[in-house]
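This briefing concerns the protein shown below. The notes that follow are grouped by topic.

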Amino acid sequence: EEFCSLGFATLVGVSRKSVIAQILDTSPDEREEANISLSSYMALKGVNIFRVHDVEKHVKAFMVLDRVIKDQD
């Protein structure tokens with residue numbers, strides 16, 4: 001949130017990183033759902049650029065997240 005508050009675009013790349021393995025004890029190719037979860041959380045915190053492996057799955061997740069947020073307004 002601190003980086004996002006500076007007013008610049010913020011890029012993150014947690015895709016399949018070992019931080020997920022520390023939580024789930026999974027191989028890199030089994031971390032996509034967890035990666036989408038982290039990316040969604042960071043989107044809520046203001047991050048606006050993501051490095052991901054599966055763009056289509058992230059787009060779908062962000063579409064749902066966007067709709068949920070808009071429906072709350």
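**A loop residue with positive phi**

Asp-25 is placed in the loop between helix H1 (18-24) and H2; helices (H or I, at least four residues) and strands (E, at least two) are DSSP runs, numbered from the N terminus. Although Asp-25 is not a glycine, its phi is positive, at about 55°. Asp-25 counts as exposed because its relative accessibility is 71%; buried means under 20% relative accessible area, exposed over 50%, and partly exposed in between, with a 1.4 Å probe and protein chains only.

The model is predicted, so local features need pLDDT of at least 70 and side-chain atom pairs count only at pLDDT 80 or more, whereas totals for chains, interfaces and linings use all residues. Residues are numbered from 1 along each chain as its sequence is written, and side-chain values use heavy atoms, with hydrogens and water left out.

**Overall architecture**

- The secondary structure of the protein consists of 3 helices and 2 strands, and from the N terminus on the elements follow the order β-α-α-β-α.
- Taken along the principal axes, the box filled by the C-alpha atoms is roughly 40 × 25 × 20 Å.
- The protein has 73 residues, of which 27% count as buried.
- Among contacts (heavy atoms within 4.5 Å) between residues at least 6 apart in sequence, 44% join residues at least 24 apart.
- The accessible surface comes to about 5500 Å², and carbon and sulfur atoms account for 57% of that surface; accessible areas come from the Shrake-Rupley method with a 1.4 Å probe, and for residues only the protein chains shown count as cover.

**Buried positions and their contacts**

- Asn-35 lies in helix H2 (residues 32-44) and counts as buried because its relative accessibility is 0%.
- With neighbours within four places in sequence left aside, the contacts of Asn-35 are Val-14, Ser-15, Arg-16, Ile-20, Val-52 and His-58.
- Thr-10 belongs to the segment before strand E1 (11-12), and its relative accessible area of 13% makes Thr-10 buried.
- With neighbours within four places in sequence again left aside, Thr-10 is in contact with Phe-3, Cys-4, Val-47, Asn-48 and Ile-49.

**Nonpolar surface patch**

- Phe-3, Leu-6 and Phe-8 form a nonpolar patch on the surface, and together they have about 420 Å² of accessible area.
- Patches are made of residues with over 30% relative accessible area and no salt bridge; like charges are joined within 9 Å, and nonpolar side chains (Val, Leu, Ile, Met, Phe, Trp, Tyr) within 5 Å.
- Phe-8 lies in the segment before E1 and counts as exposed at 63% relative accessibility.
- Leu-6 also lies in the segment before E1 and counts as exposed, with a relative accessibility of 57%.
- The C-alpha atoms of Leu-6 and Leu-24 are separated by 33 Å, the two residues being 18 apart along the chain.

**Charges and salt bridges**

- The protein has 9 positive and 12 negative charges, whose mean positions are 4 Å apart.
- In this count Lys and Arg are positive and Asp and Glu negative, while His and the chain ends are not counted; the place of a charge is taken as NZ of Lys, CZ of Arg, CG of Asp or CD of Glu.
- The structure holds 4 salt bridges, each defined as a side-chain nitrogen of Lys or Arg within 4 Å of a carboxyl oxygen of Asp or Glu.
- One of them joins Glu-1 and Lys-45, with the closest N and O atoms 2.7 Å apart.
- Glu-1 lies in the segment before E1 and Lys-45 in the loop between H2 and strand E2 (49-50), so this pair ties together parts that are 44 residues apart in sequence.
- Glu-1 is exposed, with a relative accessible area of 61%, whereas Lys-45 counts as partly exposed at 33% relative accessibility.
- Asp-54 forms a salt bridge with Lys-57, where the closest N and O atoms are 3.7 Å apart.
- Asp-54 is partly exposed, with a relative accessible area of 23%, and Lys-57 counts as partly exposed at 43% relative accessibility.
- Between Lys-60 and Glu-56, which form a salt bridge, the closest N and O atoms are 3.4 Å apart.
- Lys-60 and Glu-56 are separated by about one helical turn because they are 4 residues apart in helix H3.
- Glu-56 is placed in helix H3 (residues 55-72) and counts as exposed at 54% relative accessibility.
- The C-alpha atoms of Glu-56 and Ala-21 are separated by 23 Å, with the two residues 35 apart along the chain.
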